[in-house]
Amino acid sequence: MAEEGLFHEVVGLVPQQKCEDGVLFPVVLSPNLKLAKTVKLTEAIKATRSWLDSILHRSGAILFRGFDISSASDFNEVVESSGYEDFSYGVGGAGSRTKVVGRVYTANEAPPDQNIPFHHEMSHAPVFPSKLFFFCEVEPGSGGETCIALSHVIYEKMKQKHPKFVAEMEEKGLVYSRVLGEESDPSSPVGRSWKDTFMTDNKTIAEERAAKLGMKLEWMEGAVRVIIGPKPGFKYDELRNRKIWFNGVVGGLKDKLNDDPSKAVMFSDGKPMPTDVPSDCSKIFDEECIALQWRKGDVLLLDNLAVLHSRRPLITLPRRVLASFCK
Ligand code: FE2
C-alpha cells in the first residue's frame, strides 16, 4: 500500500484489476489518518496534483473514499481543487442533466430501472471532456452500480473475437442515427428533446449548432432524425500509445422514438453491423468491467479516454450521483 501526502492507498476495498505495470484499476485513496486527525480532500488533492495526474494516467480511475464530502457544493470544491478546467456540459449531449451548483450536474437522469450502456462521455461530439468526476450524494440501497472498463482492453478483446468486423469498422467508420422528439421524454435514457439538446426552439439555429457538432438534422413530423458521422469506430490514445474502443456499438438504446436499435449504428455505407457484434461486445464488457458499489461521499475520477463507464439498473431507490466534466 502506498502513501502520498495525506492519501493512503487502500487495496481490496472494491473489486480491482492489476494493469500491465502493476498499478491497480481503480486506485482507491482514503485519508491518511496517521498524518492528521482529519483530512480535507480538497487540501489533499491540491498538495498532490502531479502525483494524482500520474496515477490517473497509469490507472485510468481513482476512487476517493472515506472523506467528508456530503453536499453538491463540497463536491464542487473538490472539482475546483483539482485545477482541471471546466468542460461545460451544454449543447449536444444525449442525456438529460440539470445543473446543481457551480460545475456540478446531475448524472444522467435516465429512469433508474434502465441500464445505461458503456460509453466514453460525449464520444459522438467533436470535443469531449478528458476527465470526469462523479460523486455519490445518496447511496443506493442495491443496484445502480457504476461500472468501469479499460477501453484498450475492450478494443483488443473485440479484435480477437470479431477481427473482420473491427477491420471493416476501422476502414469505413460508423454512422449513428437517433430520433429526438419535440419535448423531452423522462422515461427514456436518451430522451432529451431536440430543443433541449440544441438549446433553442428555432430549427435553423438547431441546424447550425448541430453542424458544428458534426451532426446532420432531418426534420420529421414532430421530431428530428440526428445523423452523426461517419466517425471512426476507434481512437488512438496518443498519451498511452494504444487503440481504444471509442464508439457506440452497444449504445443502441430503445425508446418510443427509437424502436430498432439495429438502425442506431451502421457502417458508413449503410450496411448494418453483424447482429452478434453488439451482444458479444456487451458480454466482453460484463467480463472485463469493475462494478463499483457507491458509498455515500465517494468521489470517482475517470480518465475519459482510458475508461468507459456505464450504469446498472437501480433496484432500491433512492440514488443520487452527481457529475462534473473537465477539459
Ligand atoms: Fe456518462
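## Starting with two strands

How many bridges join strand β9 (residues 116–119) to β20, and do they run parallel or antiparallel? Two bridges join β9 to β20, and the pair runs antiparallel. Strands here are DSSP runs of E of at least two residues, while helices are runs of H or I of at least four, and both are numbered from the N terminus. Two strands count as paired if DSSP finds at least two bridges between them.

Before going on, note that this is a predicted model: local features need pLDDT of at least 70, side-chain atom pairs count only at pLDDT 80 or more, and totals for chains, interfaces and linings use all residues. Residues are numbered from 1 along each chain as its sequence is written, and side-chain values use heavy atoms, with hydrogens and water left out.

## The four-stranded sheet

β9 and β20 belong to an open sheet of four strands, in the order β9-β20-β11-β18, with antiparallel pairing. At its edges stand β9 and β18 (290–292), each with a single partner strand, so one side of each has no neighbour in the sheet. Ignoring direction, neighbouring strands of this sheet are turned by 20° against each other on average; the strand axes are lines fitted to C-alpha atoms (for helices, over the stretch in contact), and angles between N-to-C directions run from 0 to 180 degrees.

Now look at β20 (residues 307–311) itself: five of its five residues are buried. Buried means under 20% relative accessible area, exposed means over 50%, and partly exposed is in between (1.4 Å probe, protein chains only). Val 307, His 309 and Arg 311 point one way from β20, while Leu 308 and Ser 310 point the other way.

## The iron site

Which protein residues are the donors of the iron ion? They are His 119 (NE2), Glu 121 (OE) and His 309 (NE2), at 2.1 to 2.2 Å from it. Donors are N, O and S atoms within 2.8 Å of the metal (3.2 Å for Na, K and Ca), and water is not among the atoms, so sites may look incomplete. Along the chain, the donors follow the spacing H-x1-E-x187-H.

As for Glu 121, it is buried, with a relative accessible area of 6%.

## The nine-stranded sheet

There is also an open sheet of nine strands, ordered β1-β2-β5-β6-β19-β10-β21-β8-β7, and its pairing is mixed. β1 (3–4) and β7 (99–101) stand at the edges with a single partner strand each, so one side of each is left without a neighbour in the sheet. For β7, two bridges make the antiparallel link to β8 (residues 104–106), where Val 104 stands opposite Val 101.

Helix α2 (residues 49–59) lies across several of the strands, including β1, β2 (7–10) and β6 (61–64), and runs at about 125° to β6.

## Two domains

The chain is divided into domain 1 (3–141 + 292–326) and domain 2 (152–285), with bounds that come from an automatic or database domain assignment. Their contact (heavy atoms within 4.5 Å) takes 29 residues from domain 1 and 32 residues from domain 2. Between the centres, taken over C-alpha atoms, there are 25 Å.

About 2600 Å² is buried between domain 1 and domain 2, with carbon and sulfur atoms giving 61% of that. Buried area is the accessible area (1.4 Å probe) that two parts lose on being put together, summed over both.

Most residues other than glycine have a negative phi, and most peptide bonds are trans. Met 122, in the loop between β9 and β10, has a positive phi of about 55° although it is not a glycine. Met 122 counts as buried, at 7% relative accessibility. Met 199 has a positive phi of about 55° too, but Met 199 is partly exposed at 46%.

Then there are cis peptide bonds. One runs from Phe 25 to Pro 26, with omega near -5°, and Pro 26 lies in the loop between β4 (24–25) and β5. Another runs from Leu 317 to Pro 318, also with omega near -5°; Pro 318 sits in the loop between β20 and β21 (320–326).
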